[in-house]
Each structure stands twice: as C-alpha cells, then as structure tokens.
Amino acid sequence: MRNLVLFGPPGAGKGTQSAFLVDHYNLVHLSTGDVFRFNIKGETQLGKLAQSYMDKGELVPDAVTISMLQQEVENRPDANGFIFDGFPRTTAQAQALDQFLEGRGDSIECMLSLEVEVEELKKRLLARAATSGRADDADIDVIQKRIDVYNSETAPVAHFYKTAGKFKSIDGHGSLGDITGRLVDAIG
Ligand code: AMP
C-alpha cells in the first residue's frame, strides 16, 4: 500500500493537487474537511458538532476526528493506498494514524509538505470563497484563525514525520503543473 500525507496550511493547494495524485497513483483521496462538510450537508450529529468548530476556524476534537478517519479507511478495503489531506492536523492524530496503520500491517510512506507564504495563502482562500461557497474561506478573521491554529497545533506534526525520516518539503508556489511535477519527483 502506498499511503501519503499531503500537508500544508489552508490554501496551500492540498485538495487541488490530491485530485491529480489520486489519478496518477490510483489512490483513494481522504480529506477530513470534505467528510465533515458532507456530514454538515446531511445534517448528521457529527456534522452539527463539526460545524461549531469549523465556523470559528478551530480544530474538531481529536477523538471525533480520529475515529471518523479510521472508519473512512475501513470503508475502503479495496484501496491501493490513501492520500490523507488535512489529516493528521495534531501530533495526537499522527500518533493515532501510525498505530492504526501498524495494526493493519501498514504505514505512511511519506509526508509531502506544500510550503506557501502567508500572504499568498490569504489571497488564494479569498479567491476560492467565490466558488467554494465555504463560509470559512470568505471571512478574513476566520482565515487568520485557521492560519494561527495551523502554526500552533498543526505545524509541529511535521516534526513527527521528520523524526521518522519521512518528511519532504515541496515549494507550493508557481503553476499547478510545476507543483504537481515537484510532488511526483518527490514521491519517486
Ligand atoms: P479543510 O477542508 O482541510 O480546510 O478543513 C476545514 C475545517 O475542518 C478545519 O478548519 C477544521 O475545523 C476541520 N478539520 C478538517 N480536518 C481536521 C482534522 N484533521 N482535525 C481537526 N479538524 C479538522
């Protein structure tokens, strides 16, 4: 199995690049943000809970997010591997993912970290709001909060994968094709 973590701040291009990588490597795209939004649309209990955090730009609690992610993986026994997009977002999530995969005789191959400077992130998110319909993309205060949460809670996850020798930094500026090329080179 080929399991990749696509990492980076909000607006780094994780979703956009995942769409290409899933086709290229025949993997399943698993975005925790997408699963939460699907549940919000369906007005499930999980959706209601997630929305209360997402509207403020805060993280959904680890226990809820981890068990949801595990369920999503278990729902795809046919998968060749996964691209995890937006997960793990805390060190506790990274540890839980490692343990969960190990229990299945599996592991993360590498973390690909898209690096984009902060002013560019804000520009991209505000532009995306026009088509995404996402309230958390349209409000500059919520965008700032998401970036702050990324810096304080999520950025340290990189250290977890660096220690394991699985971290790869990718320049996330430039054309979509250029960035895809860098990712493919890094995956090898
Ligand atoms: P995203 O679609 O990845 O930008 O995520 C949108 C929002 O969903 C985030 O701002 C969080 O509120 C929530 N979320 C997504 N993934 C996670 C996660 N792994 N842990 C906690 N909250 C998450």
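Ala, Val, Leu, Ile, Met, Phe, Trp, Tyr, Cys and Pro count here as nonpolar, Asp, Glu, Lys and Arg as charged, and the others, Gly among them, as polar. The exercises below concern a predicted model.

**Exercise 1. Sort the lining of the second largest pocket by residue class, and say which elements contribute to it.**

Step 1. Begin with the residues themselves: the lining of the second largest pocket consists of R37, I40, Q51, M54, D55, S132, G133, R134, A135 and D136.

Step 2. Apply the classes to these names, and the lining of this pocket divides into three nonpolar, three polar and four charged residues.

Step 3. Turn to the elements, where helix 2, helix 3 and helix 7 (135-138) are those that give two or more residues to the lining of the second largest pocket. The space inside this pocket comes to about 200 Å³.

**Exercise 2. Describe the largest pocket by its volume, its lining and the elements around it.**

Step 1. For the volume, the largest pocket has about 940 Å³.

Step 2. For the lining, there are 45 residues, and those that lie nearest the centre of the pocket are K14, R89, R128, R134 and R146. Sorted by class, this lining holds 16 nonpolar, 18 polar and 11 charged residues.

Step 3. For the elements, those giving two or more residues to the lining include strand 1 (4-7), helix 1 (14-25), strand 2 (28-31), helix 6 (118-132) and helix 10 (176-187). Helix 2 gives the most, with five residues.

**Exercise 3. Which pocket does the ligand take up, and which residues are closest to the ligand?**

Step 1. Locate the ligand first: the space that the ligand takes is the largest pocket.

Step 2. Then look at the shell, in which 15 residues surround the ligand, with T32, R37, E58, G86 and R89 as the closest. This shell divides into five nonpolar, five polar and five charged residues, and helix 2 gives the most to the shell, with four residues.

Step 3. Next, examine individual atom pairs. In the side chain of R37, an N or O atom is 2.9 Å from an oxygen atom of the ligand. In the side chain of R89, an N or O atom is 3.0 Å from a nitrogen atom of the ligand, and a polar side-chain atom of Q93 likewise lies 3.0 Å from a nitrogen atom of the ligand.

Step 4. Finish with the surface: the ligand taken alone exposes 490 Å², of which the protein buries 96%.

Conventions:
Residues numbered from 1 in each chain as written. Predicted model: local features only at pLDDT ≥ 70, side-chain atom pairs only at ≥ 80, totals over all residues. Heavy atoms only, no water. 1 Å grid on protein atoms, 1.4 Å probe; cavity = no way out; pocket = protein on both sides within 12 Å on 5 of 7 lines; lining within 4 Å. Points joined across faces, edges and corners; volume = space filled by probe spheres on them. Near = heavy atom within 4 Å. Polar contact = N/O pair within 3.5 Å; in protein donor to acceptor, adjacent residues only side chain to side chain. Areas by Shrake-Rupley, 256 points an atom, 1.4 Å probe, with all protein chains shown as cover. Sits in = over half its atoms within 2 Å of the grid points.
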